[in-house]
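Colleague: Could we walk through this one together? I would like to hear how each value is reached.

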Amino acid sequence: MRVILLLLGVLVLMLQYRLWVSEDGYRGLWSLREAAALQQQENAALEERNARLEAEVLDLKEGLEAVEEIARTDLGMVGPDETLYQIAAPDEASGSGASGTP
């Protein structure tokens, strides 16, 4: 009888070990929950990015203001009644004559 109780005790300990320590036990469950939480955060960020991109695509399809803004900044577009003025930075080498030569 004592041997049977000892074997049952060892069996219970082995099952408890598998439940708490093994990868398909609680430890595995905790890591899966952590991975799922990280994936949900990443999904939320990607959904926000997709919403911004969708709004930009919709704006480009329907409104000309966004197209005009992109053309002005990226391509240097100037409107028909506008004048473009470019101001050049002063040249440091031939500027103020501070080199000391007359």
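Colleague: How far apart are the end C-alpha atoms of helix α3 (residues 64–75)?

Modeller: This is a predicted model, where local features need pLDDT of at least 70, side-chain atom pairs count only at pLDDT 80 or more, and totals for chains, interfaces and linings use all residues. Residues are numbered from 1 along each chain as its sequence is written, and side-chain values use heavy atoms, without hydrogens and water. Helices are DSSP runs of H or I with at least four residues, numbered from the N terminus. The expected span is 1.5 Å times one less than the number of residues, so the 12 residues of α3 should span 16 Å, which agrees with end C-alpha atoms that are 15 Å apart.

Colleague: Thanks! Which residue follows α3?

Modeller: Its phi is positive, near 75°. The residue is G76.

Colleague: What kind of aromatic pair do Y26 and W30 form?

Modeller: Rings of Phe, Tyr and Trp (its six-membered ring) pair if their centres lie within 6.5 Å; planes under 30 degrees apart count as stacked, over 60 as edge-to-face and the rest as tilted. The count comes to 1 aromatic pair. Y26 and W30 lie 6.2 Å centre to centre with 25° between the planes, so the pair is stacked.

Colleague: Is W30 buried or exposed, or in between?

Modeller: Buried means under 20% relative accessible area and exposed over 50%, with partly exposed in between (1.4 Å probe, protein chains only). W30 has a relative accessible area of 48%, so W30 is partly exposed.

Methods
Helix = DSSP H or I, 4+ residues; strand = E, 2+ residues; numbered from the N terminus.
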